[in-house]
Amino acid sequence: YNTSDVQKIIDAGIPVIAEDFKERFSNISNISGGYLEAGQMGAEYLYKKGFRNFAFYGFKNIVWSRERAEGFDDYLSKLGHTVHYFEHEEMPSRELWHYKPSILSQWLNSLPKPIAVMACDDERAVHITESCKHAKIQIPEEIAVLGVDNDELTCSLSDPPLSSIALNVEQGGYEAARLMDHMIMNSQQNAGNIIVSPTRIITRQSTDISVTT
């Protein structure tokens with residue numbers, strides 16, 4: 001996310017579509033997502049499973065995590081529920097997936113049980129499943145875990161296998177190609193954003209439970 005490099009591309013008149021890795025760009029087209037909708041979808045799914053305690057694990061200062069948390073919180077707050085948070089300030093630039101399981105395990109131990117935890121993506125959801133093993137917390141009986149992206153390799157390697165929100169990435173790819181063609185043909189540099197929407201939730205063992213109260 002280097003604004004000076006982006007400005008050089010704009011000044012050169014090169015059509016570009018950027019992924020909003022940290023924040024959306026205001027001066028060029030973005031491949032973005034329906035992040036609020038994904039958060040709301042996750043909250044509704046977990047609420048309908050009978051959970052009444054909820055938590056979110058992600059990043060405060062990254063748009064795709066922040067807005068998923070906002071959607072999650074918005075849905076649940078309207079039902080009178082408060083969300084517990086474990087949020088990093090920002091994603092480490094070098095150790096991309098680094099986390100400290102002992103600190104995360106302490107937070108997980110402190111949560112009321114049973115509880116449903118939504119992570120901002122599948123990688124962070126695996127942090128939760130690994131930390132639960134470290135803390136001897138049962139999934140999904142004590143903590144149900146839901147990720148986002150439905151990365152099948154990540155979800156299947158998780159122990160237990162990870163439930164996740166699937167995204168319409170293939171359609172997003174077609175739309176990005178169509179937008180780029182339009183920008184090239186019309187000498188445009190900012191022709192709107194591509195929104196990759198959540199489609200459905202794939203249930204695997206990490207949320208395969210119904211809670212009765």
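**Burial.** I looked up burial first: 46% of the 213 residues of the protein chain count as buried (under 20% relative accessible area; exposed is over 50%, partly exposed in between; 1.4 Å probe, protein chains only). I note that this is a predicted model, where local features need pLDDT of at least 70, side-chain atom pairs count only at pLDDT 80 or more, and totals for chains, interfaces and linings use all residues. Residues are numbered from 1 along each chain as its sequence is written, and side-chain values use heavy atoms, with hydrogens and water left out.

**Fold.** I found seven helices and nine strands in the protein chain (DSSP runs numbered from the N terminus: helices H or I, at least four residues; strands E, at least two).

**Aromatic pairs.** I went through the rings of Phe, Tyr and Trp (its six-membered ring), which pair if their centres lie within 6.5 Å; planes under 30 degrees apart are stacked, over 60 edge-to-face, the rest tilted. The count is six aromatic pairs. I picked Phe 56 and Tyr 85, a tilted pair with 6.4 Å centre to centre and 55° between the planes. Phe 56 sits in strand 3 (residues 54–59) and Tyr 85 in strand 4 (residues 83–88), so the pair ties together parts 29 residues apart in sequence. Phe 56 is buried, at a relative accessible area of 0%. Tyr 85 is partly exposed, at 32%.

Next I checked Phe 59 and Trp 64, an edge-to-face pair: 6.3 Å centre to centre, 70° between the planes. Phe 59 and Trp 64 are both buried.

**Cluster.** I also noted one aromatic cluster, formed by Phe 54, Phe 56, Phe 72 and Tyr 85.
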